[in-house]
Amino acid sequence: MGSSHVVAFCPGQISGYFLPVISENPDESGSCGAGLVISEGVKVTASRNPVSSVDVYQTDRTGMPNKIAESSNIIMNLLDALDVSASITTCCHLPIGCGYGMSAAALLGATHALNRLFQFGMNEHECARLAHRLEVMERSGLGDVSGCQGGGFVVRVTPGPDGEIYRTMDTRSIFAITISPIKTSSVLSSPEQIEKFKRAYPTTIPKTLDEFMTVARKFAEGTGLITEDVRNILLKCDAHGIPASMTMLGNGVFATGRDAEKILSGFGNVYRLSLSPGGPRILHGEYLS
Ligand SMILES: Nc1ncnc2c1ncn2[C@@H]1O[C@H](COP(=O)(O)OP(=O)(O)OP(=O)(O)O)[C@@H](O)[C@H]1O
Ligand SMILES: CC(C)(CO)[C@@H](O)C(=O)[O-]
């Protein structure tokens, strides 16, 4: 029995605070920290094909998909690691490189889709371990696969998908706005910046979404990454008593609370999000005998 095409979805993650943990072994590398696994993510379609290809789509405000790239290193690395060839399309609404964990969602979604398509029989943990290894090796992220392998507001006390991870659900809306991307790999390769992350890393573990927002903001202030644009948005949120912080790593803001959408919309296009109740899932798998 084989499958001709499979569609999988994986949620993204907004990191609020994090601390890189890098060792020679990618399985032991990643980050500790906390974030929000979000309702928006990446839909991946995988089809058997003798020649591998990856097309990356992003939907606009009307839901219309537009092709934004005809390659993806991380997905090609995944196909190599699994030693298969396939046509892959990924589709997301949120922007790439802006702190929404779209690379991790694409990788973990593609891992699940290929696992089903080629019937490798990997369980969820094995899929997460493989995606995490590839994400860390490429430095496209550190803790996002660990986060988005499940749902909720997530605290990662130790690194990696098998680390000590706590998840809590909260049904409140989360609003986010992006000014511009930040290149994750260039921030992570700066020793001075890593020192700042270490100094800013919280000593307390947030237990609720409200505590998370406070801790994340304190961390963001300590990173030195807040730009003038982000500062202006944060000041406006502060003036209205709206819990808000900076998206890690993207030049943008996420916020909670009744008036957050109205305040953020003064600065551009606002994404209305919620916490995802779970991690990756297969949406469609077609079987042929
Ligand atoms: N939706 C996607 N589909 C396929 N490949 C992707 C996707 N998103 C990211 N990638 C690949 O991962 C690489 C690194 O992405 P990057 O880390 O900048 O994005 P991100 O994960 O959205 O950002 P962040 O780490 O700030 O959350 C990109 O150059 C691209 O090749
Ligand atoms: C490094 C990072 C902030 C952005 O990709 C995220 O992967 C994380 O929380 O480790």
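Student: In this predicted model, how many residues surround ligand 1, and which are the closest?
Tutor: The model is predicted. The shell around ligand 1 holds 23 residues. The closest of them are Ser72, Gly97, Met102, Ser103 and Ala106.

Student: Which element gives the most to the shell around ligand 1?
Tutor: Three elements each supply at least two residues: α1 (73–82), β5 (86–92) and α2 (102–117). Met102, Ser103 and Ala106, among the closest residues, fall in the range of α2. With four residues, the element that gives the most is α2.

Student: How many charged residues does the shell around ligand 1 contain?
Tutor: Sort the shell by residue class. Twelve residues are nonpolar and eleven are polar. The number of charged residues is given as no charged.

Student: How many charged residues are in the shell around ligand 2?
Tutor: The residues around ligand 2 include Ser15, Ser31, Gly141, Asp144 and Thr184. Four of the shell residues are nonpolar and seven are polar. Asp counts as charged, and Asp144 is in the list. The charged count is one.

Student: Which strand gives the most to the shell around ligand 2?
Tutor: Two strands each supply at least two residues, β1 (2–21) and β2 (30–48). Ser31, Gly33 and Gly35 are around ligand 2, and their numbers fall within β2. The strand that gives the most, with three residues, is β2.

Student: What kind of peptide bond joins Met248 and Leu249?
Tutor: Both residues belong to the shell around ligand 2. Leu249 sits in the loop between β9 (244–246) and β10 (250–256). Omega for the bond is about -5°. The bond is cis.

Student: In which sense do β3 and β5 pair?
Tutor: β3 covers residues 53–59. Ser53 has Ser87 of β5 as its bridge partner. Six bridges join the two strands, and the sense is parallel.

Student: In which sense do β3 and β4 pair?
Tutor: β4 spans residues 65–69. Val56 has Ala69 of β4 as its bridge partner. Four bridges join β3 and β4, and the sense is antiparallel.

Student: Which residue takes a positive phi in the hairpin of β3 and β4?
Tutor: Five residues lie between the two strands of this hairpin. The phi in question is near 90°. The residue is Gly63.

Student: What is the count of buried residues in β4?
Tutor: Burial needs 20 or more other C-beta atoms within 10 Å. β4 has five residues and is hardly covered. Its count of buried residues is zero.

Student: Is Asp83 buried or exposed?
Tutor: Asp83 is found in the loop between α1 and β5. Its phi is positive, about 60°, although it is not a glycine. The cut-off for exposure is 12 or fewer C-beta atoms. Asp83 has 7 others within 10 Å, so Asp83 is exposed.

Student: What does Gln119 count as, by its C-beta neighbours?
Tutor: Gln119 lies in the loop between α2 and α3 (124–138). Gln119 is not a glycine, yet its phi is positive, about 50°. It has 13 C-beta neighbours inside 10 Å, so Gln119 counts as partly exposed.

Student: Which UniProt annotation covers residues 80–148?
Tutor: The end C-alpha atoms of this span lie 23 Å apart. The span is 57% helix and 10% strand. The unreviewed UniProt entry gives it as "domain: GHMP kinase N-terminal".

Methods. Residues are numbered from 1 along each chain as its sequence is written. Chains are lettered from A and ligands numbered from 1 in the order in which they are written. This is a predicted model: local features need pLDDT of at least 70, side-chain atom pairs count only at pLDDT 80 or more; totals for chains, interfaces and linings use all residues. A residue is near a molecule or strand if its C-beta atom, placed from the backbone, lies within 6 Å of it. UniProt positions are given in the numbering used here, feature names are shortened, and annotations may be inferred rather than shown by experiment. Two strands pair if DSSP finds at least two bridges between them.
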